[in-house]
Amino acid sequence: MASSATGSSFSMAALSSACFLVLIGASTSAQLSLDHYSRSCPVLFPTVRLIVGAAIAREARMGASLLRLFFHDCFVNGCDGSLLLDDTPTFTGEKNAAPNVNSARGFEVVDQVKLAVEGVCPGIVSCADLLAIIARDSVVILGGPWWPVKLGRRDARSASQAAANESIPGPMSDLNELISSFRKVGLDVRDLVALAGAHTIGLSRCANFRDRVYNDTDIDVLLAQVRKFGCPGVDGIDDDNLAPLDFRSPLTFDHSYYSNLVQRRGLLHSDQQLFNGGPTDLLVKLYSRSPVAFRGDFVASITRMGDIKPLTGSNGEIRRNCRRVN
């Protein structure tokens with residue numbers, strides 16, 4: 001398990017990206033800032049890091065799950081913490097939307113982080129901001145780049161299961177569908193390819209890659225054979241069996257995901273679509289050769305993603321419990 005990322009988090013590439021983002025931070029999202037809690041909650045970052053580090057030490061897969069929560073939150077009406085809201089008899093949230101049910105996980109870790117932060121800074125830090133910090137710390141702990149997180153988001157009082165079903169790209173998506181999903185939230189093709197690199201960590205359910213290993217032709221024969229062993233070709237049988245998205249180093253945040261794509265070893269149909277004779281091939285080749293290029297672009301793209309439609313000022317609220325509105 002790659003549980004330490006001290007060296008990588010202070011790499012020159014990461015520091016260069018961080019310095020650049022500090023310079024542009026004010027212009028990319030005027031109401032978010034890098035020092036939002038510097039006075040109101042000065043112990044925020046070490047408090048979050050301690051809980052996230054302990055969670056990943058218990059289960060390395062958790063890092064990928066926590067990073068994914070940030071993606072799935074931001075793609076549905078912006079980065080507003082709406083994903084975290086539980087269903088009630090009078091309220092339907094996003095957790096049971098098709099892209100999230102039996103899939104999105106790590107909510108109990110967010111609860112632990114929120115409880116710890118409320119203990120030192122009650123009523124100050126939003127759940128939406130915690131998702132952004134948790135995602136960054138998860139990447140760093142698993143060996144990826146560090147970046148400064150812009151903060152100041154507030155929490156939504158509503159959620160939309162319909163928007164979650166419509167907005168989050170799925171594992172069966174073709175390239176045009178992926179590009180369209182990203183453009184709808186203000187992200188471009190470079191963001192798509194860079195952020196897809198998050199699949200260098202984590203696992204996927206058999207239900208998500210069954211059709212690929214049995215029916216796709218743009219797949220390495222050996223990979224297909226190996227994955228068929230744990231994933232029968234009949235829907236509904238062993239759907240929850242897991243396989244690594246990056247078979248080379250599933251517990252390390254690196255650039256091997258892109259080398260897999262070049263060799264037709266993407267686990268998901270949507271992954272391999274990024275290297276299949278289309279306009280994203282050149283970026284995949286670049287990232288497969290240059291970890292520095294990947295890390296720099298990933299930092300820039302996840303920062304842009306964090307700028308999607310935040311609630312600021314008097315909009316929304318600061319939830320006391322991330323699972324329900326105040």
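Biologist: What volume does the largest pocket have?
Modeller: The model is a predicted one, and the values that follow are computed from it. For the largest pocket, the volume comes to about 950 Å³.

Biologist: Which residues of the lining are the closest to the centre of the largest pocket?
Modeller: The lining of the largest pocket consists of 38 residues. By class these are 23 nonpolar, 10 polar and five charged. The closest to the pocket centre are Arg 68, His 72, Pro 169, His 199 and Leu 268.

Biologist: Which element gives the most to the lining of the largest pocket?
Modeller: Several elements each supply at least two lining residues: helix H4 (62-74), helix H8 (175-184), helix H9 (189-196), strand S1 (203-205) and helix H13 (269-272). The element that gives the most, with six residues, is H4.

Biologist: How are H4 and H5 oriented to each other?
Modeller: Two packed helices are described by the angle between their axes and by the distance between those axes. For H4 and helix H5 (residues 107-120), the axes lie 10 Å apart and the packing angle is about 80°. Angles of 65 to 115 degrees count as roughly perpendicular. H4 and H5 are therefore roughly perpendicular to each other.

Biologist: Which residues make the contact of H4 with H5, and how do they divide by class?
Modeller: H4 contributes Met 62, Leu 66 and Leu 69, while H5 contributes Phe 107, Glu 108, Val 109 and Val 110. By class, this contact has six nonpolar, no polar and one charged residues.

Biologist: At what angle do the axes of H14 and H15 cross?
Modeller: Helix H14 (residues 281-289) and helix H15 (residues 291-305) meet through Leu 286, Tyr 287 and Arg 289 on the H14 side and Pro 291, Ala 293, Phe 294 and Asp 297 on the H15 side. This contact has five nonpolar, no polar and two charged residues. The two axes come within 5 Å, and they cross at roughly 115°.

Biologist: What is the volume of the largest cavity?
Modeller: A search of the whole structure finds one cavity of 30 Å³ or more. The volume of the largest cavity is about 70 Å³.

Biologist: What radius of gyration does the protein have?
Modeller: The secondary structure comes to 15 helices and two strands, and the C-alpha trace spans about 55 × 50 × 35 Å along its principal axes. A compact globule with 326 residues would have a radius of gyration near 20 Å. The protein agrees with this, at 19 Å.

How values were computed
Residues numbered from 1 in each chain as written. Predicted model: local features only at pLDDT ≥ 70, side-chain atom pairs only at ≥ 80, totals over all residues. Heavy atoms only, no water. 1 Å grid on protein atoms, 1.4 Å probe; cavity = no way out; pocket = protein on both sides within 12 Å on 5 of 7 lines; lining within 4 Å. Points joined across faces, edges and corners; volume = space filled by probe spheres on them. Helix = DSSP H or I, 4+ residues; strand = E, 2+ residues; numbered from the N terminus. Nonpolar A, V, L, I, M, F, W, Y, C, P; charged D, E, K, R; others polar. Axes fitted to C-alpha atoms, helices over the stretch in contact; angles between N-to-C directions. Parallel < 35°, antiparallel > 145°, perpendicular 65-115°, else oblique. Contact = heavy atoms within 4.5 Å. Rg over C-alpha atoms; globule rule 2.2 N^0.38 Å.
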